[in-house]
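Visitor: Hi, could you walk me through this structure? I'd like to go one topic at a time.
Guide: Happy to, let's have a look.

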Amino acid sequence: MHFNDIQRVPGDPILGLIDAYAADPNPNKFDLGVGVYKDALGLTPILRSVKLAEQRLLDTQTTKTYIGGHGEPRFGALISELVLGKDSPLLESKRVGATQTPGGTGALRLCADFIADCLPGRGIWLSDPTWPIHETIFAKAGLMVSHYPYVGSDNRLNVEGMLATLNQVPRGDVVLLHACCHNPTGFDLSHDDWRQVLDIVRSRDLLPLIDFAYQGFGDSLEQDAWAVRLFAEALPELLITSSCSKNFGLYRERTGALLVCASTADKLLDVRSQLSSIARNLWSNPPDHGAAIVAEILGDPELKSLWADEVEEMRGRIAQLRAGLVEALTPLGLGERFAHIGVQRGMFSYTGLNDDQVARLRHEHSVYLVSAGRANIAGIDASRLDLLAQAIAAVC
Ligand SMILES: Cc1ncc(COP(=O)(O)O)c(C=O)c1O
């Protein structure tokens with residue numbers, strides 16, 4: 001038989017957590033595992049702006065023909081504006097181009113193949129820890145993957161260690177940076193830290209790849225883009241992966257883009273010719289529906305304003321939950337120990353709970369977290385913060 005030697009690999013641990021949570025009969029269970037935004041009812045709703053845009057598409061779309069390797073140019077232009085700011089000189093000088101991809105993951109995969117094919121011999125440096133898919137996506141493309149320190153076992157941002165390691169990175173290597181809302185830790189760099197990273201990137205001639213999966217979930221749509229824009233204006237070349245999964249709630253529509261900033265408009269065309277050829281062999285043409293929705297929203301001032309309000313609503317709920325959890329832990333004598341939860345940004349928090357505490361939370365209190373103590377703060381039910389705080393206190 002052809003398949004006899006194929007071994008079964010273990011499933012994604014987060015997906016296993018979903019099954020275990022679903023099977024738990026405890027009505028007071030908490031799902032803080034899987035990385036999707038949830039509202040006060042525990043649902044991941046379709047945004048109103050998305051529904052309106054979809055209705056328009058239903059009424060007006062006239063074809064489902066292929067859209068080409070780089071996707072819909074209108075989507076590319078609008079997503080570039082959203083990421084870089086509408087006044088970015090890169091737009092005017094045509095030094096930036098977006099390639100529509102199946103989600104942020106598709107953008108990362110395209111980027112990995114681009115580096116492997118067009119920049120042979122370059123290694124890639126990831127934060128320790130990082131989103132686990134970063135590890136496998138670049139390794140599978142054949143890149144040498146290394147790490148710079150980011151958050152240590154003391155559960156603190158280690159900027160000194162990060163800068164010291166970046167100072168040793170071989171010239172020309174690629175450094176992956178999280179634009180905001182670092183997954184899995186929730187710890188972000190300060191503006192000053194970013195400036196120091198930029199200095200090293202420049203002095204060692206490194207190529208930054210900024211993963212921007214949570215625009216709008218940290219401080220605001222504009223403020224979250226601060227570091228991306230700093231790098232885009234200061235450097236001649238930059239790679240950015242953008243995801244519309246979280247901020248547009250378009251998870252399953254697979255919507256994202258790889259943005260390339262090149263030193264000249266002409267060089268950009270060379271790079272884009274390569275990207276289109278690589279994409280042709282990966283997925284031929286990108287999926288359209290999610291990107292068409294995004295273009296409809298970003299291209300219409302009214303829909304854009306509604307969407308921006310909805311993003312702000314999601315961001316505000318997460319910020320309130322962070323503050324609320326620290327507040328609920330305070331009377332239990334744990335406010336200071338978990339104060340970092342209020343400082344971190346985005347959906348995720350490295351709580352500092354160890355594997356044993358995570359296991360006890362799950363088995364004794366039906367609180368489901370990913371091992372390493374990562375909690376999806378957006379999964380918390382605000383009306384049961386005290387119950388959650390008591391469960392945490394019981395295992396600490
Ligand atoms: C850091 C990071 N990058 C990229 C992605 C890609 O998201 P998607 O492929 O769903 O757009 C995610 C999603 O969880 C993420 O956390």
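Visitor: Which residues are closest to the ligand, and how many surround it?
Guide: The ligand is surrounded by 13 residues, with Gly-103, Gly-104, Thr-105, Ser-243 and Ser-245 the closest. A residue is near a molecule if its C-beta atom, placed from the backbone, lies within 6 Å of it. Before we go on, this is a predicted model: local features need pLDDT of at least 70, side-chain atom pairs count only at pLDDT 80 or more, and totals for chains, interfaces and linings use all residues. Residues are numbered from 1 along each chain as its sequence is written.

Visitor: Which helix gives the most to that shell?
Guide: Helix H5, residues 103-118, with three residues. Helices (H or I, at least four residues) and strands (E, at least two) are DSSP runs, numbered from the N terminus.

Visitor: And how do the shell residues divide into nonpolar, polar and charged?
Guide: Nine are polar, three nonpolar and one charged. Here Ala, Val, Leu, Ile, Met, Phe, Trp, Tyr, Cys and Pro count as nonpolar, Asp, Glu, Lys and Arg as charged, and the others, Gly among them, as polar.

Visitor: Switching to the strands: why is E6 largely enclosed?
Guide: Strand E6 (residues 207-212) is largely enclosed by the rest of the structure because five of its six residues are buried. Buried means 20 or more other C-beta atoms within 10 Å of the residue's own, exposed 12 or fewer, and partly exposed in between, with C-beta atoms placed from the backbone.

Visitor: Which strands does E6 pair with?
Guide: Strand E5 (residues 174-178) pairs with E6 in the parallel sense over five bridges, and Leu-177 has Ile-210 of E6 as its bridge partner. Strand E7 (residues 238-243) also runs parallel to E6, joined by four bridges, with Phe-212 opposite Ser-242. Pairing takes at least two DSSP bridges between two strands.

Visitor: What carries the chain from E6 to E7?
Guide: Helix H9 (residues 226-234), in a right-handed β-α-β crossover. Right-handed means that, with the strands pointing away from the viewer, the path from the first strand over the helix to the second runs clockwise.

Visitor: What about Ile-124, buried or exposed?
Guide: Ile-124 is in strand E3 (residues 124-128), and it counts as buried because it has 25 C-beta neighbours inside 10 Å. Its C-alpha atom is separated by 12 Å from that of Ile-210, 86 residues apart along the chain.
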